[in-house]
Amino acid sequence: LQLIEDLLSKFEGKFNVEYPFKNHTKAELISKYLDVNLIQKTWSCYSARGIKEMCGSCWNCFITKMSALAAGFQQETLKFGTNPLTDSIPSSTYLDNQRVIYNLMTFYEKVINEKSDVIDDLSRYESLFHDPVDLATRFGLDLFLGLSISLSSLHRKNGLGRKGEELLSKIDKSLLKKRWEYLESLRGNYL
């Protein structure tokens, strides 16, 4: 942010770039500020530029969908081109999706379960975020909560693969319940 401020200040005097939501997860922001009509107007996809709906299979779409589910939105209200957990998609894309999902789950399982190598790595971001470990833990819980909701509504887990199921089973369900209750406390009356 400082670099952006410095760059802009060279053109038009002093600029101050603020990012008031930098210590919030996407699920927290969705819970607190978005209704179903607004979430349909947001765009996180980096694969489907110029198309009417987000692709559903890129990393950004996956994070957005899991965050929205954790925030209390119903699957059917989220408009994506595909669902990487269930839809039939080309095998190379499917394997890429599985790899991304598994890597995300692996990283955040380590954060939630306080593995020291990941915690030490996150500590280097303390100049950017108030508490990067806490932020990453909350984000990880949102990810696993969204996955749990998505899979329970599908009544199957085959979209995660065996390794993904193992990682999901390592997360303390009481932590997910507390996270759900916290996100629920943030929600407006629009869901």
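Start at the largest pocket, which has a volume of about 510 Å³. A pocket here is an open set of points on a 1 Å grid over the protein atoms alone, where a 1.4 Å probe fits, with protein on both sides within 12 Å along at least five of seven lines. Grid points are joined across faces, edges and corners, and the volume is the space filled by probe spheres set on the points. The model is predicted: local features need pLDDT of at least 70 and side-chain atom pairs pLDDT 80 or more, while totals for chains, interfaces and linings use all residues. Residues are numbered from 1 along each chain as its sequence is written, and side-chain values use heavy atoms, with hydrogens and water left out.

**The pocket lining**

Select His-24, Tyr-108, Phe-129, Leu-135 and Phe-139. Of the 20 lining residues, these lie nearest the pocket centre. A lining residue has an atom within 4 Å of a point. Now colour H2 (26-33), H4 (59-70), H5 (91-112) and H7 (132-154): each of these helices gives two or more residues to the lining. H7 gives the most, with 4 residues. Helices are DSSP runs of H or I of at least four residues, strands are E runs of at least two, and both are numbered from the N terminus.

Colour the lining by type: 14 residues are nonpolar, 4 polar and 2 charged. Ala, Val, Leu, Ile, Met, Phe, Trp, Tyr, Cys and Pro count as nonpolar, Asp, Glu, Lys and Arg as charged, and the others, Gly among them, as polar.

**Zoom out**

Show the whole protein as a cartoon. There are 9 helices and 0 strands. Of the 191 residues, 40% count as buried. Buried means under 20% relative accessible area, exposed over 50%, and partly exposed in between (1.4 Å probe, protein chains only).

**The largest nonpolar core**

Next, select Phe-62, Tyr-108, Leu-143 and Phe-144. In this core of 43 residues, they touch the most other members. A nonpolar core is a set of buried Ala, Val, Leu, Ile, Met, Phe, Trp, Tyr and Cys residues joined through side-chain atoms within 4.5 Å. H7 gives the most to this core, with 9 residues.

**Helix H4**

Of its 12 residues, 10 are buried, including Phe-62, Lys-65 and Met-66. Check the length: at 1.5 Å a residue, H4 should span 16 Å, and its end C-alpha atoms are 17 Å apart, which agrees. The expected span is 1.5 Å times one less than the number of residues. After H4 comes Gly-72, with a positive phi near 110°.

Go to Ile-101 in helix H5. Its relative accessible area is 3%, so Ile-101 is buried.

Move to Thr-137 in helix H7. Thr-137 is 29 residues from Tyr-108 in sequence and 7.0 Å from it in space, C-alpha to C-alpha. Leaving aside neighbours within four places in sequence, Thr-137 contacts Val-111 and Ile-112.

End at Leu-29 in helix H2. With a relative accessible area of 23%, Leu-29 is partly exposed. Beyond its neighbours within four places in sequence, Leu-29 contacts Phe-21, His-24 and Leu-34. Leu-186 is 157 residues away along the chain, with 8.8 Å between the C-alpha atoms of Leu-29 and Leu-186.

Technical notes: Contact means heavy atoms within 4.5 Å.
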